[in-house]
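Here are my notes for you to read alongside the model. Keep the viewer open and go through them point by point.

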Amino acid sequence: MSKPSPLFVLSLSATLLMLGVGMIVALLPRRIHEMTGSLESVGLVAAVFALAYLLAQLPVGILSDRLGPGWFLMIGYLLCSASGIVYFSTQTPAGIYLGRVIQGLGEAPIWALGPAVLSLAYPSARGRVIGIYNAAIHIGLTLGPLLGLLIAPGGQGDLPFLVFAVLCLSGGILVFGFLRQATAPASRERP
């Protein structure tokens, strides 16, 4: 049996993550608003994610150049899974914000390093494979809200957060099982 291609593994992992994100993206603002009654808290849900994501980009890139991107991709999925557990178990605004920080730190290596791995694995077809990867992301993001409605009609309950955690964990397992050794750094030279 042949090993799945990096394109297949990364695209499937990203689709699983974005299925989960699609399920929870509408639930988090509603949940934080119900907890606080404040529209400012809804804005903070987006801002704390973006700040964590932004701050993680450069260190993740530098470290992946030294150590290889495979481990960082896997850690990103595991952090996203942990954020789903935090969302599922918390009953406080601070817990929601903590989950968003963890999710931002987790998504940073996924979105930065997935295309990097693909461009190295497919140097003569970078545009095509990154286009497929991006399509896979948006397939998950499109289907996620529909799955969320099936799991939690009316947006009630915490089950979508647990499903998000399981989907992210599944993406991490895929990356670990199929890409860990394939994404070791080819050389230690600087661009």
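**Notes on the helices, the core and a few residues**

1. Let's begin with helix 5. At 1.5 Å a residue, its 29 residues should span 42 Å, and the end C-alpha atoms are 42 Å apart, so the two values agree. The expected span here is 1.5 Å times one less than the number of residues. Helices in these notes (H or I, at least four residues) are DSSP runs, as are strands (E, at least two), numbered from the N terminus.

2. A word on where this comes from: the model is predicted, so local features need pLDDT of at least 70 and side-chain atom pairs count only at pLDDT 80 or more, while totals for chains, interfaces and linings use all residues. Residues are numbered from 1 along each chain as its sequence is written, and side-chain values use heavy atoms, with hydrogens and water left out.

3. Where does helix 5 bend? Look at Leu 113, where helix 5 bends by about 30°, with Pro 115 following within four residues. The bend at a residue is the angle between axes fitted to the seven residues ending there and the seven starting there.

4. Now turn to helix 3. It has 29 residues and reaches 42 Å from its first C-alpha to its last, close to the 42 Å expected at 1.5 Å a residue. Helix 3 bends by about 35° at Gln 57, and a proline, Pro 59, follows within four residues. Just after helix 3, Gly 68 has a positive phi of about 95°.

5. Which residues of helix 3 are buried? They are Ser 41, Val 45, Val 48, Phe 49, Ala 52, Ala 56, Val 60 and Ser 64. Buried means under 20% relative accessible area, exposed means over 50%, and partly exposed is in between (1.4 Å probe, protein chains only). An α-helix has 3.6 residues a turn, so residues three or four places apart point the same way. The buried residues of helix 3 pack against helix 2, helix 4 and helix 5.

6. Pick out Ser 64 in helix 3. Its relative accessibility is 5%, so Ser 64 counts as buried. Setting aside neighbours within four places in sequence, Ser 64 is in contact (heavy atoms within 4.5 Å) with Pro 69, Phe 72 and Leu 113. Leu 113 is where helix 5 bends.

7. Zoom out to the whole chain. There are 7 helices and 0 strands, and the elements run α-α-α-α-α-α-α from the N terminus on. The radius of gyration is 17 Å, close to the 16 Å that the globule rule gives for 191 residues, so the chain is as compact as a globular protein of that length. That radius is taken over C-alpha atoms, and the rule is 2.2 Å times the number of residues to the power 0.38. Buried residues make up 45% of the 191 residues. Among contacts between residues at least 6 apart in sequence, 83% join residues at least 24 apart.

8. Next, the largest nonpolar core, which has 43 residues. Such a core is a set of buried Ala, Val, Leu, Ile, Met, Phe, Trp, Tyr and Cys residues joined through side-chain atoms within 4.5 Å. Leu 17, Trp 111, Tyr 133 and Phe 164 touch the most other members. Elements giving two or more residues to this core include helix 1, helix 2 (27–36) and helix 6 (126–151). Helix 1 gives the most, with 11 residues. As for Phe 164, its contacts beyond four places in sequence include Leu 17, Cys 80, Tyr 87 and Gln 103.

9. Is Thr 15 buried or exposed? At 15% relative accessibility, Thr 15 counts as buried; it lies in helix 1 (residues 6–24). A polar atom of the Thr 15 side chain lies 2.9 Å from the backbone oxygen of Ala 136. Leaving aside neighbours within four places in sequence, Thr 15 is in contact with Ala 136, Ile 137 and Gly 140.

10. Finally, compare two residues. Gly 171 is in helix 7 and counts as buried because its relative accessibility is 0%. Gly 171 touches Ser 13, Leu 16 and Tyr 77, not counting residues up to four places away in sequence. Glu 34 lies in helix 2 and counts as exposed because its relative accessibility is 57%. Glu 34 and Thr 92 are 58 residues apart in sequence and 10 Å apart in space, C-alpha to C-alpha.

Note on methods: Polar contact = N/O pair within 3.5 Å; in protein donor to acceptor, adjacent residues only side chain to side chain.
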